[in-house]
There are 2 protein chains.
Amino acid sequence: MTRVVFDPHRTHRLHFPDLGCEVAGSEGETLFQAARRGGVRIVGACGGRGTCGSCMVRVAQGHVEDPEGEGSGGHHRWRRACRTKVRGDCVVEIAPRSLAPVARAEVGHDDTRPLGRDPRVATVDVTVTPPSLHDPVADVERVRMALGRPVSAVELPAARRLPGILRGHAWSARARIMGDLVFGFSPPGGATLGLAVDLGTTNAAAFLIDLESGRRLAALGIENPQASWGADLISRINHAIQAANGAEDLRGAIVAGLNTVVRDLCHAVGADVHDVVDAVVCGNTAMHHLLAGLPVHQLGRAPFVAAVRGGMDVRASDVGLDICPGARIHLVANIGGFVGGDHVTALLGTEHRWSGVTALVMDIGTNTEISLLSEDRILSTSCPSGPALEGGHISCGMRAADGAIERVAVVDGRVAVKTIANKKAIGLCGSGVLDAVAVLHGAGIVDHGGRLIASHPDVGEAAGARFARLAPEVHFTQHDIRAVQLAKAAIRTATDLLLRQAGLSAAAVDRFIIAGAFGSYVDIGSGVAIGMFPDLPRERFEQVGNAAGLGVCRMLTDRADMARAEELARRAIYVELNTIPEFQKEFLKNIRFPATPQ
Amino acid sequence: MTRVVFDPHRTHRLHFPDLGCEVAGSEGETLFQAARRGGVRIVGACGGRGTCGSCMVRVAQGHVEDPEGEGSGGHHRWRRACRTKVRGDCVVEIAPRSLAPVARAEVGHDDTRPLGRDPRVATVDVTVTPPSLHDPVADVERVRMALGRPVSAVELPAARRLPGILRGHAWSARARIMGDLVFGFSPPGGATLGLAVDLGTTNAAAFLIDLESGRRLAALGIENPQASWGADLISRINHAIQAANGAEDLRGAIVAGLNTVVRDLCHAVGADVHDVVDAVVCGNTAMHHLLAGLPVHQLGRAPFVAAVRGGMDVRASDVGLDICPGARIHLVANIGGFVGGDHVTALLGTEHRWSGVTALVMDIGTNTEISLLSEDRILSTSCPSGPALEGGHISCGMRAADGAIERVAVVDGRVAVKTIANKKAIGLCGSGVLDAVAVLHGAGIVDHGGRLIASHPDVGEAAGARFARLAPEVHFTQHDIRAVQLAKAAIRTATDLLLRQAGLSAAAVDRFIIAGAFGSYVDIGSGVAIGMFPDLPRERFEQVGNAAGLGVCRMLTDRADMARAEELARRAIYVELNTIPEFQKEFLKNIRFPATPQ
């Protein structure tokens, strides 16, 4: 299936035969930017800055400009997509290792609990008598009479489709109703599907659900294509503010990505995208605003004010999502600052775990959100934790593939590693980063301040910067360690200050619930060892996977859960860390590693 | 002010320096089509078929193709816009006589009655305290708290504008509210305007109203730019059905025309188009469907079924009307067949005249709508009456300008005419057509069957077809007379059958209310003389001007009138003439002129 993302400003056609798709590119932009915006799953570990070499492509035909010159191999050589500028229509091949795998989107360890069966969209099939000169009642009025329920209005997108459907399907049609509003019509038969999206800064997970049975039919994860404008929220907000059309670049990229996902999901289950009649999307406040086309200028500058906090129902067409014409998207309410709807859904998805006890719910990611639940109070905050913990922007970072270091140990004082498939070590995969730091610190190769000990035989120096040699070609640098330190300090400081706001000590936390994809494979011991987590009994920690994904699926399938999410968001009190005087001092203290390895 | 109607498929820029505007044209389309679509007021009496020569232009610069060749005058000669194809960017001059005047839109003879002051849009000004790190409440929630009234939702287009308005206007904003829905925000101050549109097949009249005072600020009439695809409804419906993108051609043309009118109206009163916060549009069913983007296939074929009959509130952005983002357009309810919202508003605008008596309300145009009001019954029908009565598609037709024949008499057995400004006769203006036929028939130059009497000294023959010589160069042809006969027969037959349906005779009609622009200058005596109207005492006829315009203005300014219009539309019973067995016989009978000149 060939798809064309049409845009009048983008005049070049980039054809990706391996993927069976075509996207539009602008004169002079990079192949990487165009591909990412068009939803093509090209890897870009450094976000398109030209520092990682993970986005390799070959231009089979067409005009490109490559500042690195033609070099060996001429037109057909492998080149970095992020350095290659589009100068005409092209046919592009993506290197197998640069093609991001289609991730199976997980919905957390609680996904065996049944979803609800009380969605907000009702479906009513009607058959009417055909009109005649003696009975020329209009189509909409004819169907309204047959619906057998009061309807306040039939909306325009629905009315536009009705005459064709009635005449093409023996005077039958299927009405899609929300409240007392008919928002869509479709041919009789077919599925009644819903889309739940957990829109993260780095990745998005989408779930296709049969709204009649509450069954999850398919799930798909993609990298957030906005990553080509920066890995973190602030880079993207800055692009939105500073670049001409910047906000629209970002909006268009994620919308194109989601439309690709919806098509792929529907294709996988043999459904039509127009069978998707409802959608719920959660994301942090910046993702929420960028998707909705809300301005982010005021969100990126103190005092960091959102345009909207509450949940919103918007038309899918207002956002550009290609599902049933007239369908709504519910954008989950935010809490405050950057703590958005994805944290609300994480709270919803873990409520059976924190209800009645004192608990922390933490979702670790490029931005980390934390809530403290105690008695009837919910205190929430967030901190920027960067991509380092997940292996992003780490000099030797790579995805989990053959040759990736997944475990680091110090044996007899020397660094030893285990790689995937026991192949020659070529990089460090995300899940290994935290463990590497914990092990290096535990063995004294990194001191309490985070400095690599120059005298250790596995520590080297290049261009004045030290590194730990994990393998002959895999260097873990001082800079990488600093990035982990900053991240863990931010998380720990936010946790401690939240507890202090509530007048609680860490020991009072009965459950420490770690949600999110990264959180499901983090080693709790390593996290405690480097001081990212307080030193609680291990059984108090619960790693629950993508609770936000579970929560957003539940909102889609059960109106009570949708109302509950709105209530949780309204009840949660956002704590702005910048207003707490001791924040800076605590943060600096927490950059150090604990004096006593734990 | 230069405006550009942008469309990615239209790559040529047509600049009209005299009008200070630029429109986009497609390769190979005619200058006439492009100009009309872009809202340029170029005359086209024949609708662009190349038969009238009323659309003369000169191409000062640029590439065009003219099948009539360059001829004398080379590049700069005058040529017909409807024969000239666009082949590149052009600079175009329109001949003064081919530039349609900006009509003053009239709202009927009842326009001294005050308009209501109960519009459905409420405006509330708010000022909020600025946010801070200690009070980072989101903009929408901050304003909601300050509104002092319950609000169910703040819609996305409103939320998108709010942060910029608050920060640009000292934390003040003006909320636009419909029901309990905030649909828009604007800067504080400025006007609160409404737009009422009477969208006719041939002309559209638009009224700009101050919703606070109920005062009509400005009015403007334009030719309906869809005329380039045919003067009558069926031609346009056929274009919509048969041409690729045909419906969108027609929709785009009228939307561009209306956007031009809105800009011009707002410019005239020093307002911004975004100050227009509500709109009501009435039109016949085909105009309604084409504007709303509703399919017309089923409307153009028996049994002529509308997609929607009832009134609809649609987002202005769904239609493409550039007013306050988020504002609604109310599309007035239709009655049935082609009897649309413009007839409903005509009924509303004349209710004080027909209430309590037996009355006919007739709006004569390219399509003529008629209602019979008797006791609590409303019977409505319509008939195609073509453009001939108004001087359209008449061989010698022209607009009311110097040299146009405005009166025809027979003096001493010979035809005599009076022209505007007593200049040499060069054509027959619309208002003179009906009178010419009546006079020619009354003098026996046309017989009861409609044939010109060959033996009369003012009757000639060319190419086997007779004509009456009104002036040396102004020939009124047998074909023209036939067109008038068909129109008047249709109108009379519809009137008679409506009366028969109600069991009434023409004599029972207390008031014969003639609404519409044409109806305000038609000579009742001539109409009776040729049998278009029944021979009632003259004082029962009331010519009330544009009652539809008055009615649509009242709907905009008074919620009770909006509800009343919906009720009238629902109560009116549509009579399908094609279901009445005697229709054809009556019609053929009515083609003849009355035996006794009256």
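Author: Two strands pair if DSSP finds at least two bridges between them. Strands (E, at least two residues) and helices (H or I, at least four) are DSSP runs, numbered from the N terminus. This is a predicted model: local features need pLDDT of at least 70, side-chain atom pairs count only at pLDDT 80 or more, and totals for chains, interfaces and linings use all residues. Residues are numbered from 1 along each chain as its sequence is written, while chains are lettered from A and ligands numbered from 1 in the order in which they are written.

Reader: What makes β21(A) and strand β22 of chain A a pair?

Author: 6 bridges link β21(A) to strand β22 (residues 414-419) of chain A, in the antiparallel sense. The definition asks for at least two bridges, so these strands pair. Within the pair, Arg407(A) stands opposite Lys418(A) in β22(A).

Reader: How many residues lie between β21(A) and β22(A) in their hairpin?

Author: There are 2. Asp412(A) sits in the turn and has a positive phi of about 55°.

Reader: How do you know that strand β21 of chain A also pairs with strand β23 of chain A?

Author: Strand β21 (residues 404-411) and strand β23 (residues 427-429) of chain A share 2 bridges. At least two are needed, so this counts as a pair. The sense here is parallel. Ile405(A) stands opposite Leu428(A) in β23(A).

Reader: Why are β28 and β29 of chain A called edge strands?

Author: Start with the sheet. It is open, with 6 strands of chain A in the order β28-β27-β17-β18-β19-β29 and mixed pairing. β28 (541-545) and β29 (573-574) of chain A each pair on one side only. Further in, strand β17 (residues 359-363) and strand β27 (residues 511-515) of chain A run parallel, joined by 5 bridges. Asp363(A) has Ala515(A) as its bridge partner in β27(A).

Reader: Which strands does helix α11 of chain A touch?

Author: Helix α11 (residues 478-501) of chain A touches β17, β18 and β19 of chain A, at about 155° to β19(A). Touching means contact: two residues are in contact if their C-beta atoms, placed from the backbone, lie within 7 Å. Helix α8 (residues 341-349) of chain A also lies across this sheet, at about 135° to β17(A).

Reader: Why are α14(A) and α15(A) called oblique?

Author: Helix α14 (residues 547-557) and helix α15 (residues 559-571) of chain A pack at about 125°, with axes 5 Å apart. Angles under 35 degrees count as roughly parallel, over 145 as roughly antiparallel, 65 to 115 as roughly perpendicular and the rest as oblique. The angle falls in the rest, so α14(A) and α15(A) are oblique to each other. Their crossing is left-handed: the near helix is turned anticlockwise from the far one by less than a right angle (clockwise would be right-handed).

Reader: Which residues of α14(A) and α15(A) meet?

Author: Gly551(A), Arg554(A) and Met555(A) in α14(A) meet Asp561(A), Met562(A) and Ala565(A) in α15(A). By class, this contact has 3 nonpolar, 1 polar and 2 charged residues.

Reader: At what angle do helix α11 and helix α15 of chain B pack?

Author: Helix α11 (residues 478-502) and helix α15 (residues 583-591) of chain B pack at about 130°, with axes 8 Å apart. That angle makes α11(B) and α15(B) oblique too. α11(B) passes α15(B) in a right-handed crossing. Residues in the contact include Leu486(B) and Ala489(B) of α11(B), and Phe583(B) and Phe587(B) of α15(B).

Reader: What makes the relation of chain A to chain B that of a two-fold axis?

Author: A rotation of 180° with 0.1 Å of shift along its axis superposes chain A on chain B, with an RMSD of 0.1 Å. The same surface serves both copies, since 100% of the contact residues of chain A recur in chain B.

Reader: How many residues of chain A are in contact with chain B?

Author: 40 residues of chain A are in contact with 40 of chain B. On the side of chain A, α2 (139-147), α3 (156-168) and β15 (312-315) each supply at least two residues. α3(A) gives the most, with 7 residues. By class, this side has 22 nonpolar, 11 polar and 7 charged residues.

Terms used
Ala, Val, Leu, Ile, Met, Phe, Trp, Tyr, Cys and Pro count as nonpolar, Asp, Glu, Lys and Arg as charged, and the others, Gly among them, as polar. Axes are lines fitted to C-alpha atoms, for helices over the stretch in contact, and angles run from 0 to 180 degrees between N-to-C directions. Copies are superposed by least squares on the C-alpha atoms of residues with pLDDT of at least 70 in both.
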